[in-house]
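This report is written for a reader who has the sequence and the model at hand. Please consult both while reading the sections below.

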Amino acid sequence: MASYYATSDWSLEAGGDFPNGRYSRGHSVVFGSGVSVPGTASHQVVGNKWAAPDAIDPEEMLVGAINTCHMLSFLHVAREAGFVVTRYRDAAVGLMTKRDDGEMWVSKVTLKPEIAYQGARPSEAQAHDLHHRAHAICFIANSVKTEIVVEEVVGA
């Protein structure tokens, strides 16, 4: 078993009006590795006035975690299958929608990997299988209800 850590730290800024919702959502997130990143609420949710500039929101972190986990899992299964990957770029897109009960959630993440190979490139069927196997072993994909779709960009 392994444990992972993240500490979020927020304080009401001078002049902030918490009871009326007029306060910055800017905060820091320090991960167990010691890396600290600026965090915020989504600009799309609270608007630019209350979201911190140049900061990452939880929805972006989720899309990034899904994206990165799939990439690392794909690199592993591709290597095991004998393929040599020289570049993997994925411009993933997360979609936030309303559930039936009216609450918002990240319902779908579409991965759009562009993969370069040295030597042999997998056939379309082999690539599909590699992505399927990568998805099956991705710890993050196994931890979320979000639909994850892979649309590999071929010929990039």
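## Helix H3

Helix H3 comprises 14 residues, 124–137, and its end C-alpha atoms lie 20 Å apart, which agrees with the 20 Å that it should span at 1.5 Å a residue. The expected span is 1.5 Å times one less than the number of residues in the helix. Helices (H or I, at least four residues) and strands (E, at least two) are DSSP runs numbered from the N terminus. The model is a predicted one, in which local features need pLDDT of at least 70 and side-chain atom pairs count only at pLDDT 80 or more, while totals for chains, interfaces and linings use all residues. Residues are numbered from 1 along each chain as its sequence is written, and side-chain values use heavy atoms, with hydrogens and water left out.

Which residues of H3 are buried? They are Ala127, Leu130, His131 and Ala134. Seen down the axis of H3, these buried residues fall within an arc of 95 degrees, so they line one face of the helix; the arc is that of the directions from the helix axis to the C-beta atoms. An α-helix has 3.6 residues a turn, so residues three or four places apart point the same way. In this report, buried means under 20% relative accessible area, exposed over 50%, and partly exposed in between (1.4 Å probe, protein chains only).

The buried residues of H3 pack against helix H2 (58–80) and against the strands S4 (84–90), S7 (113–118) and S8 (147–150); contact here means heavy atoms within 4.5 Å. On the face turned away from the buried side, H3 carries the exposed residues Ala125, His128 and His132.

## The disulfide

A search of the whole structure finds one disulfide, defined as a pair of cysteine sulfur atoms within 2.5 Å. The bond joins Cys69 to Cys138, with an S to S distance of 2.4 Å. Cys69 belongs to helix H2 and Cys138 to the loop between H3 and S8, so that distant parts of the chain, 69 residues apart, are linked. Cys69 counts as buried because its relative accessibility is 12%, and Cys138 is buried with a relative accessible area of 1%.

## Salt bridges

How many salt bridges are there? The count comes to four, where a salt bridge is a side-chain nitrogen of Lys or Arg within 4 Å of a carboxyl oxygen of Asp or Glu. One of them is formed by the side chains of Arg89 and Glu114 (4.0 Å, N to O). This pair links distant parts of the chain, with Arg89 in strand S4 and Glu114 in strand S7, 25 residues apart. Arg89 is partly exposed at 40% relative accessible area, and Glu114 is partly exposed at 27%.

Arg121 forms a salt bridge with Glu152, the closest N and O atoms being 3.4 Å apart. Arg121 lies in the loop between S7 and H3 and Glu152 in the segment after S8, so the pair ties together parts that are 31 residues apart in sequence. Asp101 forms a salt bridge with Arg99, with 2.7 Å between the closest N and O atoms. Asp101 is exposed, at 52% relative accessible area, whereas Arg99 is partly exposed, at 35%.

## The surroundings of Trp10

Trp10 is placed in the loop between strand S1 (6–9) and strand S2 (27–31) and counts as partly exposed, at 34% relative accessibility. Not counting residues up to four places away in sequence, Trp10 touches Phe18, Tyr23, Ser24, Arg25, Gly26 and His27.
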